[in-house]
Amino acid sequence: MGLRLISRSFRIFTGKIKRMEFPEPPAKAALCCPIESVEGAPPTYAMYEALKDSCQNNATYFQPDDSENGQRLYQGFMTLIDHIDTVWPLVDHVRKVAPLYDFDAKSPGNGYRSFVSVVDSCVLHGLKLSRQVCTGRDALLFRKGYFVKEVESCGQLLASLGTCLHHLQTLLSWAPPGELFPSEGHSPEELFSQADNINQYCFYGRCLGFQFLPTMRGILKGISICMAGFSEAYYSHGNLISSVWTGGQYLIDPEMRARRIVNISQSASIEFCKAFWFLAESEIMKRVPSLMSSTVAVNKIITILPEPLVVNTVEGTELTVLPPTVHIGLQGLNVRLISVNKRVGMSGEGSSSLPASDGILFHCHGGGFVAQSSKSHETYLRDWAAKLGMPILSVDYSLAPQAPFPRALEEVFYAYCWMINHFKEIGTTGKRIVFAGDSAGANLIAGCTLKILGAGLRPPDGLFMAYAPLLVSFIPSPARLLCLMDPILPFGFMMRCLKAYASPNAKGGKEDKRSNKELTSSNATTPIEGNGFLKVSPSQEGISEGPSSFEEVSPSDLAELQAHKSGSERRKSSDTTISAASLQSEHTATGITPTEDKSQQYVSDFLERYVFDSDTDSEGRRYPIVKPQIQDLSHREPESENSSTLVGEPPLIQDPEHKDKKKIKNRISEAATGIMGAMSSRLAYITGSNNIRPTQEELAVRSNLDSLIARSPSDEFIFSVPKDPLLSPYWADEELLKKFPPVRILTVHLDPCLDDCVMFARKLKGLGNEVGIDVLEGLPHGFLNFSLMAKEANEGSKLCIERIKQLLDLENHATTPENNHL
């Protein structure tokens, strides 16, 4: 196999291993694929050989051991050696060709590089493990049972990566050199049929996060444990004690956690994904930005009323823009204004001597098109507002599956038209406009730019996109396969989110009825057709059908939409909806709460009457606190606005002598009852309306998790997606793309959307557009939400700020940004 062509000076001669120092995992994708690759390129080849040497040494040591664990260790290390011999020729071939698919020499990054770095990281992980065994195997307290599981897990991991490498060989044959997407209509199910099924369990067990930076592994492990534990509460309908107990087992049993996560990914509905991701907007998480992020003077919600807008085109004519009506009819649209300073002209902010900013950042949040809001992205938006020194306007667009494509896109376009008519009210002159978005938000700002260019309106001065899905399809590409091992964006989650947004009527039905047709560029739209997207069978779907028009929506559908709409949870707590005519600061505004689902209204009324009081935080906003249950509310007297007690007790018409020790005990008991009532009510709300009908296989899994076997993901999802450039900007007409403003793209090597970003950037570059791309090491998709938790994520956020600054003032920067990669 050509595995023994270089010096073997580090082989075993005296029964001991000659140590070679290698970096801690993960391996850097930017360095693992040199442009001028040679046969057996060191030091990567030496790393693989060092692992084989270490495994052989351990296998020789444990071969005479007659105990069960001793023999399992022997077999485990021998199996690792076999896998290395199988994997090396495959990864070496990919290593050689990967540089051909980069955007440019300064920005190395593509799905092939990513898989090479993942395999290298696995080898580094195995080498570290093998050396730990070699060092400690003679110790009296050496834990054979523990290392048996670790070694076997590492072997399974390397075997699964070997299967992925076979898939990569197929992908290389499907596309010409330099193209990351197949040139013909190859489907994912066709790809998966070319090799054995991929064992996903090894990616979510003991080796979870091996490919990421050390600072991210603990965060990702915590998220995975929360996901598995949350599913217990979700499926057990609010049995708090049971779910907490079972959730704790996922902390100490990695195999159980892996089986649960893979089962969730393959079986859970889109409603579970929404419920889990909305945890980021819980009361506790809402307070994190104000405590840890930069302080801002303005942080408020503006509700744009659904009224026709008249805007001027670049040719000086007037264009009437109608409010979006598709799917859910007329709705008020919320946008969040964040500014580190109050500025002249800002409505509702009083007087200020600081002049209006020349720039404005128009932002769209991520969340897979189905979850989250501007509030959950405040962790980095506050910092951006402080560092950029200008206002940020973030759109809380409607979410799928209740509001699928093109509703969110039309709302973003409508918000942009409103913004260019109200620069003064948001504290800017509008001299420079930059669009920014991450994940799903990046897709929306790219689609919005196409609509703006097609309508002849003033385009933005630049686009900044972070880890953007620009081809909304599971078209086979190397980076797409990364979602098979992604803790943040598992395969099933990604597929269900895309289906919920892009193809809600997969079973067939009326086509979407779009409003504002005159605003959509006809020459940018190719005929709607299937593009080989994986299809979902009815029994495996688990996703509600999206209505095609407002007339098809029942009152209960509208109530559910309001309950799940981005920002609704925020408005029910510290944030307050306000109209454009009466802008006020977030902590002083008062407004009308939107219509809620009856069950949620019941819960809210119960909490308001019996459980929660309010207090004021450091920023002047009110938040709920526990108060005792009052048997007769008619005797309650108004409380002072300045009252601030942990267990607030309203004055009762009683003599002071009745306030004795017995009453103190009652207060404590009532407070405890209130807390448990609040927790139970909230948990019941999350789980009560999200029933999932389990299949026979799921029932078997719940009774015996070990009965779940590895399955090919291609068996789970089959459906089609229209080839629409407003849905997938990669398909946009070249004449429109040539008019695109300067673009900066930031992504990560381990992102399933990496190839989208690389191919879109290459397409723009080929058309003569100004475009730059940064590809960061060892960070996951959505890392901006962790900028307060991990140093490298915070550094990535700072790089975003630098790229946005370049777009805001390009005349003072070179055409191609320096230091265009990390």
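Does Ser439 count as buried or exposed, and at what relative accessibility? At 10% relative accessibility, Ser439 counts as buried, a word that stands for under 20% relative accessible area, with exposed meaning over 50% and partly exposed in between (1.4 Å probe, protein chains only). The model is predicted, and local features need pLDDT of at least 70, side-chain atom pairs count only at pLDDT 80 or more, while totals for chains, interfaces and linings use all residues. Residues are numbered from 1 along each chain as its sequence is written, and side-chain values use heavy atoms, leaving out hydrogens and water.

Ser439 is found in the loop between strand E7 (428-438) and helix H14 (440-455); helices (H or I, at least four residues) and strands (E, at least two) are DSSP runs, numbered from the N terminus. Although Ser439 is a residue other than glycine, its phi is positive, near 55°. His327 is also not a glycine and has a positive phi, of about 70°. The loop that holds His327 runs between strand E3 (318-321) and strand E4 (333-339), and His327 is buried at 0% relative accessibility.

The backbone also contains cis peptide bonds. One leads from Ala400 to Pro401, with omega near 0°, and another joins Phe405 and Pro406, with omega about 10°. Pro401 belongs to the loop between strand E6 (392-396) and helix H13 (407-421), and Pro406 is likewise placed in the loop between E6 and H13.

We turn now to the aromatic side chains. A pair of aromatic rings is described by the distance of the centres and the angle of the planes. Rings of Phe, Tyr and Trp (its six-membered ring) pair if their centres lie within 6.5 Å; planes under 30 degrees apart count as stacked, over 60 as edge-to-face and the rest as tilted. By this rule there are 25 aromatic pairs. In one of them, Tyr45 and Trp88 are edge-to-face, because their ring centres are 5.0 Å apart and their planes stand at 65°. This pair links distant parts of the chain, with Tyr45 in helix H2 (residues 44-62) and Trp88 in helix H3 (residues 68-97), 43 residues apart. Tyr45 is buried at 3% relative accessibility, and Trp88 is buried at 4%.

Phe62 and Phe142 form a stacked pair, 6.3 Å centre to centre and with 25° between the planes. Here, too, distant parts of the chain are linked: Phe62 is in helix H2, and Phe142 is in the loop between helix H4 (111-136) and helix H5 (144-174), 80 residues apart. Phe62 is buried, with a relative accessible area of 1%, and Phe142 is buried at 14% relative accessibility. Elsewhere, ring pairs link Phe230, Tyr234, Phe272, Phe276, Trp277 and Phe493 into a cluster.

Rings can also lie under a charge, meaning that NZ of Lys or CZ of Arg is within 6 Å of the ring centre and within 35 degrees of the ring normal. Lys763 lies over the face of Tyr730, 4.6 Å from the ring centre, and Lys765 lies over the face of Phe103, at 4.9 Å from the ring centre.

The helices H4 and H5 pack at an angle of about 160°, with their axes 10 Å apart; axes are lines fitted to C-alpha atoms, for helices over the stretch in contact, and angles run from 0 to 180 degrees between N-to-C directions. H4 and H5 are therefore roughly antiparallel to each other, since angles over 145 degrees count as roughly antiparallel, under 35 as roughly parallel, 65 to 115 as roughly perpendicular and the rest as oblique.
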